[in-house]
Every structure is written in C-alpha cells, then in structure tokens.
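Please open the model in your viewer and keep a selection panel at hand. The tour below moves from one selection to the next and says what is found at each stop.

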Amino acid sequence: MTKNYTLPKLPYDYKALEPFISETQLTLHHAKHHQGYVNGANAIFEKFDRTRKDKTDFDIKATYKELSFHIGGNMLHGLFWKNLAPAGKGGGGTPRGDLAAAIDEEFGNFDRFKKEFSAASSSVEGSGWGALSYCKETNRPLIVQIEKHNTNLYPGFPILMVLDVWEHAYYLDYRNDRGKFVDAFWNIVNWDEVGKRFTAVSK
Ligand code: MN
C-alpha cells in the first residue's frame, strides 16, 4: 500500500535553538518551507496516480526533475533537524569516538575540518547545502556542496551531517550574512547523531 510523505516533527521546540536560530526563523523554515517540499512531492504522486489511471500524459522531464527537488528537500531537511540540538543540551562541542578519529585522520584535526566545512558551506553557489558525507570505497569522510536539493549528491554516499544554506534558513536572523549563520551552526551541531550515522555506515 503506497502512502504520501508527512512532515516530520522536530525533536525540540521552535525556541530551542535560540539564539543561533530564532523561533520565528525555525517556525517558518519547518512549518512553511519544509512542509512545501512535502506537499510538492505529494502533489506529484497525485499527478502520477491520476494520469496513470486516466491514461493521460504529463510532462515527464519537468515532473521528474521537480520530484527530485521536492524529495531531496524533504530528506535533507529531515536529516538537518536531527543533526541539530539545543546549545549545551546535546548541541555544540566537538565530535567524539570513531567519528572524531576519522575526522582527525582525514583532515588532520577538527579545526581544519571545521574551517573546510564552513568555507564549503559559505561558498555553495546559489541555494544549497554543505554536507559531510562518507565514501565507503575509500573510507574517507568527504565534504560535499549540494546545490538546490538535488545537484551534486553522490549516489550511494550516506550523509552524516548537513547545513542548510538556503537564504530561507537564515535571512530573518542574519540577513545576507551567510558566513555568520555558518559560524553559529557549530554551537548547535548534535555530534551524537552525526556520530551514530558515521558508526552505522563505517562498520
Ligand atoms: Mn531549508
């Protein structure tokens, strides 16, 4: 039995990430923007069901492109909410355990990783995401710039951590200063969650 996407609940309340992400910013981002991707994907499923039943056509190229955009948006936001936590209550600090060791091995130390990830996120062209991924063939943690929600994603590479750098993620709090938002992000990273994702894919 098929079903539609639903907006996942946040694992904290809308005020919980202040002062790094304001209540208004987080509310709009989750309840309007993320909901928009859920609705967008579901509308395409409805189009599939309707046109296949009626044996009518739809614009294949445009629809599948739009579908990848909405599904990518829904999936990335779901990961993003979970890899954030309130500062001092699970958020911030540094990675631990196997993840910390893998970051040190690949980047030299955490500060170098942080510098590269911040620069990669700040410099994503247009709307997109900074992501930490992992290549199982080479055992390397890998920083990835994802444009929009669906361009530059590497097939089969699991995502360990994401940072949304669309303007809708920070404009109310930081205006056009994406770099300031990227700096604030480090105070609310849920390293337990990122570490769990790493352990799950690297064993
Ligand atoms: Mn977003």
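Helices (H or I, at least four residues) and strands (E, at least two) are taken here as DSSP runs, numbered from the N terminus. The model is a predicted one, in which local features need pLDDT of at least 70 and side-chain atom pairs count only at pLDDT 80 or more, whereas totals for chains, interfaces and linings use all residues. Residues are numbered from 1 along each chain as its sequence is written, and side-chain values use heavy atoms, with hydrogens and water left out.

**The whole chain**

Begin with the protein chain in cartoon view, where 7 helices and 3 strands can be coloured, in the order α-α-α-α-β-β-β-α-α-α along the sequence. Its C-alpha atoms fill a box of roughly 60 × 40 × 30 Å along the principal axes. Among contacts (heavy atoms within 4.5 Å) with a separation of 6 or more, 67% join residues 24 or more positions apart.

**Helix 2**

Next select T63, which lies in helix 2. T63 counts as buried because its relative accessibility is 1%; buried means under 20% relative accessible area, exposed over 50%, and partly exposed in between, with a 1.4 Å probe and protein chains only. Leaving aside residues up to four places away in sequence, T63 touches I44, K47, F48 and F58. G72 is also found in helix 2, and at 11% relative accessibility it counts as buried. A C-alpha to C-alpha distance drawn from G72 to T94 reads 28 Å, for a sequence separation of 22 residues.

**The largest pocket**

Which elements each supply at least two residues of the lining of the largest pocket? They are helix 3 (97–107), strand 2 (140–147) and helix 7 (191–202), and helix 3 gives the most, with 4 residues. On a 1 Å grid over the protein atoms alone, a pocket is an open set of points with protein on both sides within 12 Å along at least five of seven lines, a cavity is a set where a 1.4 Å probe fits but cannot get out, and lining residues have an atom within 4 Å of a point. To display the lining, select A101, A102, E105, E106, Y134, T138, N139, R140, P141, F198 and S202.

**The cavity**

Finally, select A131, S133, V144, I146, L153, Y154, F157 and I159, which line the largest cavity. Strand 1 (128–135) and strand 2 are the elements that give two or more residues to this lining.
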